[in-house]
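Student: Hi! Could you walk me through this structure?
Tutor: Happy to; let's look together.

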Amino acid sequence: MNFFYSKDNLVALHFKYDQARRRFIEWAQNEIAVVPDFHKRILFSDEAHFWLNGYVNKQNCRIWSEANPQVYVETPLHPEKLTVWCALWSGGIIGPYFFKNDEGHNVTVNGDRYRAMITNFFIPELNNHDVQELWFQQDGATCHTARATIDLLKDTFGDRLI
């Protein structure tokens with residue numbers, strides 16, 4: 001939740017999103033009340049980028065020293081990276097899936113590539129599971145929320161999308 005400080009109190013910046021989160025929590029609590037192992041039926045999914053030149057996100061890596069180390073790291077303007085997707089749930093892991101183009105080069109995710117992964121990799125992997133019992137969760141990335149993506153996922157999961 002994002003806040004800014006005013007003299008007397010903290011004020012929520014995204015009230016609309018807070019309300020949506022509260023509605024989701026109420027819905028999830030109701031599902032768990034009806035089906036106690038509901039959380040075991042959720043496929044949590046996401047992708048991550050791994051830079052192949054050794055770059056590490058500076059938000060996750062700190063250099064500590066008693067003296068000012070004057071450390072800097074030179075990186076190319078567009079370093080090669082690998083984008084990997086997977087889904088996990090109580091029944092195991094589906095993936096990893098490595099995003100590559102037709103020539104086998106690493107590429108980032110866009111709507112067409114994401115839908116191709118769903119069609120050619122994810123859905124066939126689901127054939128070994130009772131999909132009628134599973135819910136699919138993804139974040140709000142544009143390629144995840146595109147109408148064509150949602151329609152494709154609804155063909156498999158119906159309204160069981162989070």
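We'll go through the sheet, the salt bridges and the cysteines.

Student: What kind of model is it, and which cut-offs apply?
Tutor: It is a predicted model: local features need pLDDT of at least 70, side-chain atom pairs count only at pLDDT 80 or more, and totals for chains, interfaces and linings use all residues. Residues are numbered from 1 along each chain as its sequence is written, and side-chain values use heavy atoms, leaving out hydrogens and water.

Student: Okay, the sheet. What's the strand order?
Tutor: The order is β5-β4-β3-β6, an open sheet of four strands with mixed pairing. Strands here are DSSP runs of E with at least two residues, helices are H or I runs of at least four, and both are numbered from the N terminus. Two strands pair if DSSP finds at least two bridges between them.

Student: Which strands sit at the edges?
Tutor: β5 (92-98) and β6 (135-137), each pairing on one side only. The twist from one strand to the next averages 20°.

Student: And how do β4 and β5 pair, parallel or antiparallel?
Tutor: Antiparallel, over five bridges, with β4 covering residues 81-89. Leucine 88 has isoleucine 93 in β5 as its bridge partner.

Student: Which helix lies across those strands?
Tutor: That's α2 (residues 111-126), which lies across β3 (42-51), β4, β5 and β6 and runs at about 145° to β5. Contact means heavy atoms within 4.5 Å. The axes are lines fitted to C-alpha atoms, for helices over the stretch in contact, with angles from 0 to 180 degrees between N-to-C directions.

Student: Switching topic: how many salt bridges are there?
Tutor: Four in the whole structure, each a side-chain nitrogen of Lys or Arg within 4 Å of a carboxyl oxygen of Asp or Glu. In one of them, arginine 41 and glutamate 133 have their closest N and O atoms 2.6 Å apart. Arginine 41 lies in the loop between α1 (15-34) and β3 and glutamate 133 in the loop between α2 and β6, so the pair ties together parts 92 residues apart in sequence. Asp37 is linked with Arg41 and Glu133 in a salt-bridge network.

Student: What about aspartate 112 and arginine 115, buried or exposed?
Tutor: Aspartate 112 is exposed at 57% relative accessible area, while arginine 115 is buried at 18%. Buried means under 20%, exposed over 50%, and partly exposed in between (1.4 Å probe, protein chains only). Their side chains meet in a salt bridge at 3.0 Å, N to O.

Student: Last one: how many disulfides?
Tutor: Zero, searching the whole structure for cysteine sulfur pairs within 2.5 Å. Cysteine 86 is partly exposed at 25%, and cysteine 143 is buried at 11%.
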